[in-house]
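Hi,

Here is the structure I promised to pass on.

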Amino acid sequence: MADIKLEDIGFASCEPTGALVNKVYYAPIDYFEEIPTPKDLCGDSANAAKTLDELATIATPFKFKTGKGFHPITTVTETGEVTSTQIGERNRRLFENTLPVTVGGSSAKILGFARYIKNQNLIVLFQEYDSGNMRVLGSQRMPAWCETQEHKIEATAEGNNSLVTTFKDKSKYPAPIYTGDVVMFPDAP
C-alpha cells in the first residue's frame with residue numbers, strides 16, 4: 001500500500017449547502033482517446049497517491065478524439081443528487097455511484113435522448129453547487145451507464161411532465177473530483 005499522508009478531514013464552509021448545479025454533461029466512451037483516473041492506493045509506482053486528495057481527484061484532463069466532447073443536459077433545478085454507496089464483500093469492496101436527473105418536457109429531442117442513451121457506455125460529469133467541484137461517473141474500465149429511465153406525463157395540468165434518467169457506475173472510489181476543463185462537443189451550446 002502507498003505511504004499516504006493522513007490528515008484531519010471535515011467540511012469548513014461557513015454556509016454549507018447541498019445540491020447540484022442544474023447542468024450534467026455526458027459523452028459516449030468511444031469519444032475519448034484517454035480517460036485518466038485518480039492515483040493508485042496500492043503499489044509503489046509513479047502513479048501511487050501520496051495524499052488523501054490524490055485518491056479522489058482526476059487532475060489530468062480527459063483527452064477527446066478530434067471533433068468530440070461532452071454534451072450538456074439541462075436538468076430541473078434541485079432534482080439531481082448523487083449517492084456513493086459501498087458495495088461488495090469484505091476485501092472486495094467497491095463504490096456504486098448513482099445520479100438520477102430530471103429533464104423537464106416531452107419533446108421529440110428528449111424522447112430521442114432517452115432512446116439513444118439507454119445502451120451507451122458513458123463518462124458523466126456533474127457539478128456540486130456549494131464547492132463548485134466537478135464530479136465524474138465512469139472510467140475506461142468501468143464506464144457509467146443509464147440504469148433506469150421513466151418519462152411521465154401526469155394527469156393533472158399542474159403535474160409532472162419529465163424524464164428521470166438514472167446514471168450509475170461501479171468504481172474503486174466515490175465519484176471523483178475532476179479538475180480539468182469541460183470540453184464541449186463542437187455544436188453544443
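Is Glu78 buried or exposed? Glu78 is exposed, because its relative accessible area is 70% (exposed means over 50%, buried under 20% and partly exposed in between, with a 1.4 Å probe and protein chains only).

Before the rest, a word on the model: it is predicted, so local features need pLDDT of at least 70 and side-chain atom pairs count only at pLDDT 80 or more, while totals for chains, interfaces and linings use all residues. Residues are numbered from 1 along each chain as its sequence is written, and side-chain values use heavy atoms, with hydrogens and water left out.

Back to Glu78: it is not a glycine, yet has a positive phi of about 60°. You'll find Glu78 in the loop between strand 5 (71-74) and strand 6 (83-87) (strands are DSSP runs of E, at least two residues, numbered from the N terminus). Asn91 is another non-glycine with a positive phi, about 70°, and sits in the loop between strand 6 and strand 7 (94-104). Asn91 counts as exposed too, at 72% relative accessibility.

Now the rings. There are eight aromatic pairs (Phe, Tyr or Trp rings, the six-membered one for Trp, with centres within 6.5 Å; planes under 30 degrees apart are stacked, over 60 edge-to-face, the rest tilted). Phe32 and Phe62 pair edge-to-face, because their centres are 5.6 Å apart and their planes at 65°. That pair links distant parts of the chain, 30 residues apart, and both Phe32 and Phe62 are buried. They also belong to one aromatic cluster with Phe64, Phe70 and Tyr178.

Cheers

Definitions and conventions: Helix = DSSP H or I, 4+ residues; strand = E, 2+ residues; numbered from the N terminus.
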